[in-house]
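Please keep the sequence and the structure in view while reading.

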Amino acid sequence: MKLFEYEAKRTLAEYGIPTSKGGLATSPREAREVAGNLKPPFVVKAQVLVAGRGKSGGILFVDSIEQVENAGERLLGMQIKGIPIRSLWIEEKIQIKRELYFGITIDRFNQSYVVIASSVGGMDIEEIAAKSPETVVKSLINPQLGLHSFHARQIARKMGYAGSQLSELGRIFEKLYSVCMEYDAELIEMNPLVETVDGRFVAADARIIVD
């Protein structure tokens with residue numbers, strides 16, 4: 001079962017993983033009301049269970065509450081890959097320094113979970129692996145030991161981080177693993193997981209497929 005982005009983000013937030021501040025709307029009027037509780041600029045994101053929303057025009061960047069409402073009128077009722085858009089997630093735009101990728105999925109050959117991470121994010125992991133294979137970090141998770149702090153920090157170090165950022169990133173990885181175990185996920189990913197201009201980390205997008 002695939003979760004919508006807003007469901008995945010709310011789940012991550014419950015586990016203490018930083019996510020973009022936002023709200024759900026099912027009409028242009030609701031979109032305007034949600035934006036009224038946020039700080040501009042905004043991102044208006046179609047909530048559909050298909051990949052490639054951005055390339056299909058399902059993610060719009062706007063600067064004002066009026067533009068959020070206009071974006072709602074434009075997106076609601078539109079279809080992406082044959083799927084109608086019935087709801088929108090409106091959030092505050094993040095000032096991004098760098099986009100990362102971090103995901104956990106099942107390695108059926110090795111009969112265990114595997115972490116896949118990259119210092120390059122914002123695209124499908126298959127595309128990242130094809131374009132920048134040197135940036136991809138893969139690490140099998142021992143099913144008896146789980147993902148420990150030193151494993152998480154080691155992955156963050158391979159992604160090019162050190163010091164307090166390495167520790168913060170490691171904690172986020174551990175928390176995502178906890179979500180994965182709690183929800184018996186087949187796939188859980190933050191793509192992109194962004195480093196902000198002030199050095200924090202935020203899950204700008206999230207995807208969870210539950211078994």
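A residue is called buried when its relative accessible area is under 20%, exposed when that area is over 50%, and partly exposed in between, as found with a 1.4 Å probe on protein chains only. The model is predicted, so local features need pLDDT of at least 70 and side-chain atom pairs count only at pLDDT 80 or more, while totals for chains, interfaces and linings use all residues. Residues are numbered from 1 along each chain as its sequence is written, and side-chain values use heavy atoms, with hydrogens and water left out.

Across the whole structure, three aromatic pairs are found. In one of them, the ring centres of Phe102 and Phe173 are 3.8 Å apart and the planes stand at 5°, so this pair is stacked. Phe102 belongs to strand S7 (residues 96-107) and Phe173 to helix H6 (residues 163-182), and the pair therefore ties together parts that are 71 residues apart in sequence. Helices (H or I, at least four residues) and strands (E, at least two) are DSSP runs numbered from the N terminus. Phe102 is buried, at 0% relative accessible area, and Phe173 is likewise buried, at 0%.

Tyr161 and Phe201 form an edge-to-face pair, with 5.3 Å from centre to centre and 80° between the planes. Because Tyr161 lies in the loop between helix H5 (149-158) and H6, and Phe201 in strand S11 (residues 201-203), this pair ties together parts that are 40 residues apart in sequence. Tyr161 and Phe201 are both buried.

Charged side chains come next. A salt bridge is a side-chain nitrogen of Lys or Arg within 4 Å of a carboxyl oxygen of Asp or Glu. The structure holds 13 salt bridges. Lys45 and Glu91 form a salt bridge, their closest N and O atoms being 3.5 Å apart. Lys45 is in strand S2 (residues 42-46) and Glu91 in strand S6 (residues 88-92), so parts 46 residues apart in sequence are tied together. Both Lys45 and Glu91 are buried. These two residues also belong to a network of salt bridges that links Glu5, Lys9, Lys45, Arg53, Glu91 and Asp205.

Within helix H4 (residues 125-131), Lys131 and Glu127 lie four residues apart, about one turn of the helix. Their salt bridge has its closest N and O atoms 3.1 Å apart. Lys131 is exposed, at 58% relative accessibility, whereas Glu127 is partly exposed, at 26%.

Notes. Phe/Tyr/Trp six-rings, centres within 6.5 Å; stacked < 30°, edge-to-face > 60°.
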